[in-house]
Amino acid sequence: MGCWMFHKLTLRTLSALAGALASASCPLAHANEAKLMSYGKHLAGECSSCHRIDGVDNGIPSITGWPVADFKATINFYRDGARTNPAMVSVAKSLDDEQLKALATYYGSLPKRERRSATK
Ligand code: HEC
């Protein structure tokens with residue numbers, strides 16, 4: 001939706017503002033990725049009661065700004081039992097691959113604060 005139009009607009013007139021607002025890959029994304037992004041944003045409603053969208057660790061780890069592959073790998077630790085946090089195991093098992101990809105793309109586009117490495 002707005003993403004692509006915003007991109008065109010910013011190219012002409014708002015490039016400075018774009019830098020500030022669009023730390024996300026959003027404006028550069030092609031159509032598929034834009035779709036994934038908005039799907040991910042929608043799904044993230046399920047996560048944001050625990051994980052802050054601004055990436056601040058409030059006792060629950062920050063999940064913003066991760067490479068997509070790391071994000072997926074980490075969720076898979078909960079799916080396959082390498083990690084056992086009950087809340088996250090149930091979250092991870094409720095996600096299908098498309099949803100995981102969308103969430104990884106969306107969260108990956110958000111500014112990074114701090115993170116642990118994608119190892120258990
Ligand atoms: C009920 C609260 C809660 C919800 C809802 C929740 N999480 Fe979590 N999440 C946690 C906690 C607590 C941890 C840390 C668990 C651990 O130590 O293994 C965690 C860990 C993670 C990690 C690994 C973080 C790291 O630094 O290793 C990822 C990735 C993650 N969650 C993604 C998600 C996604 C995506 C959603 C939504 C689909 C979600 N979580 C929903 C509580 C939650």
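A residue is buried if 20 or more other C-beta atoms lie within 10 Å of its own, exposed if 12 or fewer, and partly exposed in between, with C-beta atoms placed from the backbone. By that criterion, 18% of the 120 residues of the protein chain count as buried. The model is a predicted one: local features need pLDDT of at least 70, side-chain atom pairs count only at pLDDT 80 or more, and totals for chains, interfaces and linings use all residues. Residues are numbered from 1 along each chain as its sequence is written.

**Overall fold**

- The protein chain has six helices and zero strands, where helices (H or I, at least four residues) and strands (E, at least two) are DSSP runs numbered from the N terminus.
- Of the contacts in the protein chain with a separation of 6 or more, 72% are between residues 24 or more positions apart; two residues are in contact if their C-beta atoms, placed from the backbone, lie within 7 Å.

**Packing of H3 and H6**

- The axes of helix H3 (residues 31–43) and helix H6 (residues 97–109) come within 7 Å and cross at roughly 90°. Axes are lines fitted to C-alpha atoms, for helices over the stretch in contact, and angles run from 0 to 180 degrees between N-to-C directions.
- H3 is therefore roughly perpendicular to H6, given that angles under 35 degrees count as roughly parallel, over 145 as roughly antiparallel, 65 to 115 as roughly perpendicular and the rest as oblique.
- On the H3 side the contact includes Leu36, Gly40 and Leu43, and on the H6 side it includes Ala102, Leu103 and Tyr106.
- By class, the contact of H3 with H6 has eight nonpolar, four polar and three charged residues. Here Ala, Val, Leu, Ile, Met, Phe, Trp, Tyr, Cys and Pro count as nonpolar, Asp, Glu, Lys and Arg as charged, and the others, Gly among them, as polar.
- Lysine 35 is found in helix H3 and, with 15 C-beta neighbours inside 10 Å, counts as partly exposed.
- The C-alpha atoms of lysine 35 and alanine 102 are separated by 8.4 Å, although the two are 67 residues apart along the chain.

**Packing of H4 and H5**

- The axes of H4 and H5 come within 8 Å and cross at roughly 110°, so these two helices are roughly perpendicular to each other.
- H4 contributes Ile75, Tyr78 and Arg79 to the contact, and H5 contributes Met88, Val89, Ala92 and Lys93.
- Five nonpolar, no polar and two charged residues make up the contact of H4 with H5.

- The largest nonpolar core has 14 residues, of which Phe71, Leu103, Tyr106 and Tyr107 touch the most other members. Such a core is a set of buried Ala, Val, Leu, Ile, Met, Phe, Trp, Tyr and Cys residues joined through C-beta atoms within 7 Å.
- H3, H4 and H6 are the elements that give two or more residues to this core, and H6 gives the most, with five.
- Alanine 44 lies in the loop between H3 and H4 and counts as partly exposed, with 18 C-beta neighbours inside 10 Å.
- Beyond residues up to four places away in sequence, alanine 44 touches Ile53, Leu103, Tyr106 and Tyr107.

**Ligand surroundings**

- The ligand has 19 residues around it, of which Cys47, Cys50, Pro61, Asn85 and Ala87 come nearest; a residue is near a molecule if its C-beta atom, placed from the backbone, lies within 6 Å of it.
- Helix H4 (68–79) and helix H5 (86–94) are the elements that give two or more residues to this shell.
- The shell has eleven nonpolar, four polar and four charged residues.
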